[in-house]
Amino acid sequence: MSDPAAPLMRARGVRKYFPIKRGVVFQREVARVHAVDDVDLDLMPGETVGLVGESGCGKSTFGRCLIRLHDLTDGTIEFDGQDISTLDRKQMRPLRREIQMVFQDPYASLNPRKRVGTIIGDPLRIHGVGARGDVNKRVQELLELVGLSPEHYNRYPHEFSGGQRQRIGVARALALSPRLIIADEPVSALDVSIQAQVVNLLSDLQDDLGLTYLFIAHDLSVVRHVSDRIAVMYLGKIVELAPAEELYDRPIHPYSEALLSAVPVPDPDVERERIVLQGDVPSPITPPSGCRFHPRCRYATDICTTTEPPLVKHAEQHLAACHHPLNLRS
Amino acid sequence: MATSSERPILSGAAPGAADVGVGGGISAGEPTAVKARGFWEQAWRRFRRDRVALVGGVAIIVMILVAFVGTPIANHLLGRTAYSLNTNAQGFEPALPWSHTPTAAGTCCTLYVLGTSDTAGHDELLGMMAGAQISFEVAILATIVGVAMGVLLGMIAGYYGGVVDMLVSRATELVMALPLLLFAIAFSFTVGQRLNTYTIFGLFAPGVVTLVIVISVFSWFYPARIIRAQVLSLREKEFVEAARMVGASNGRILRSHLLPHLTGTIIVYSTLLVATNILFEAGLSYLGVGIPQGEPSWGNLINSAVNYYTTIPWLMVWPGLGILFATLAFNLLGDGLRDALDPRGTL
């Protein structure tokens, strides 16, 4: 087993560009969508890292890169010390047992023509884990583990509610007993009342099985609840990375500040400043020069339009990429 | 790589078993399986209510029974086959329906229910029944071969995309641009003549193998396009991504995740294609490039009936009705299946 101080997964300079092609017979590349642009991230064993940002900022693409559902344009990904960024499909297969994913939409990620038992048992059959009779038994154990009735293995996904389906998705991810689970907005498609149940299920499983999570979400209150550290992404880049409470108490990057001001507070008497960002997210095809956030930033100055701020350490474990950091203790 | 399989993964009881409706009696030991109504069961329930489609389906079964079981029985009862000549039934014109004629051996009398199909004394009814055999064989086999080719190519093109897709799509368009009938005739005249002798150990009548090849070569491109389009949209679905995430191979994804979603389309399209192929077979035989002359087939019967259309017009009507009912039945069944297999349909 690995050194507990070493990261379980280490991503360095991960880039993912999607080409935009034109032409009928000979397709030529006319532009690129800069979905993920030079992202570094370490996932320590047993921790939960939240990854937040608005729609289209590259959170999901980054998650899919880590599990190699997308091929990287550039960069390296190491899992447990092994470089997995250039492995092909076959070489990647043993690692699928270690890294699994929970998908966003529990209605789309379960094949409607398959019984639940088949969906959860498929990973076991593909990887040849256990004998034929054991698979069924294991599926029932997994169903029980995620809080569903083992008798339901014979049902179809459409007979379950959204929350139950997401539990099935979790059971599928757990089937091969992975060490890392990338949860791509696992609760975004669910009702608020169900969200808590699924989030609690995930954290209970973490305690019991010692899992590591990358928890992708756009809902900051959910992320705060589950995460040890939080990374804020904007337009393909990580702009701030900090322990969860620290980020909420003292955000350094203006974008984080604006995001946090949008979190609803369940107290009507609390008065606070609401920062409303002007304009839309710029196109990732032609990202802005310098700091990518500068067209919408209220602190922006000339340097922001020309020089890209590096991700630097402002406090213990607190990194941010900004020329005009906020809330600094000096 | 670190091993993870040794770690105990299933520790503790189910955490947060909150939103599960069914409680009670949870033991992983002997769970009573809750039976769910699957896709096919639902489709069958919808189909059962569709009277017209049911009639079509029953008609097809009856016709196939008559063709494949009824023909030997009729041959046995009448003591002759569709190929038997009868000099006593020969004349300037074919025998009329319901005519009792001395048999070839000279004993009295044998019945020609629908008369004879030509002046040589071939029995029209037996010809129709043997012709139905040939028609169904050609139409169904050509459909299976053609659709199988189309589905395979369409799935590969749609799933892999890129160069593979381009090659398959261009090939599809190329074949579609060919004048179908002209090529079918040319093929039958040249290669077909030689292929006609292949009957797969006498299993099929001469010409069946040729026609199956000719028709299937020209019927794979529609299913290929339909399937390609469906796979294009299916492969972007999250459950396909989930399958890749758990490490499923391309073959497994195609076979066990995509194909089940295509079966409805395939069945419906095949049923409708059988109807088209029955017509196509009759057309080619009528033109003299399908089933060889002398073999009983609906197209050949119409062809020989042309000689007598002024005096005995109904000789054209019988095989015409056969073609009409067969194609109608397959079309009705196909329409009903389309409704039944559409998951949006009400139960």
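Reader: Hi! In β12(A), which residue is the bridge partner of A315(A)?
Author: H318(A) is the bridge partner. This is a predicted model, where local features need pLDDT of at least 70, side-chain atom pairs count only at pLDDT 80 or more, and totals for chains, interfaces and linings use all residues. Residues are numbered from 1 along each chain as its sequence is written, with chains lettered from A and ligands numbered from 1 in the order in which they are written.

Reader: Thanks! In what sense do β11(A) and β12 of chain A pair?
Author: Antiparallel, over 3 bridges. Pairing requires that DSSP finds at least two bridges between two strands; strands (E, at least two residues) and helices (H or I, at least four) are DSSP runs numbered from the N terminus.

Reader: Which order do the 8 strands of the open sheet follow?
Author: In chain A the order is β6-β7-β8-β3-β9-β10-β12-β11, with mixed pairing. The edge strands are β6 (99-102) and β11 (312-315) of chain A.

Reader: And which helix lies across β6 and β7 of chain A?
Author: Helix α5 (residues 162-174) of chain A, at about 175° to β6(A). Angles run from 0 to 180 degrees between N-to-C directions, with axes fitted to C-alpha atoms, for helices over the stretch in contact. Contact puts the C-beta atoms of two residues, placed from the backbone, within 7 Å.

Reader: Nice, and which residue of β4(A) partners R10(A)?
Author: E78(A) is the bridge partner of R10(A).
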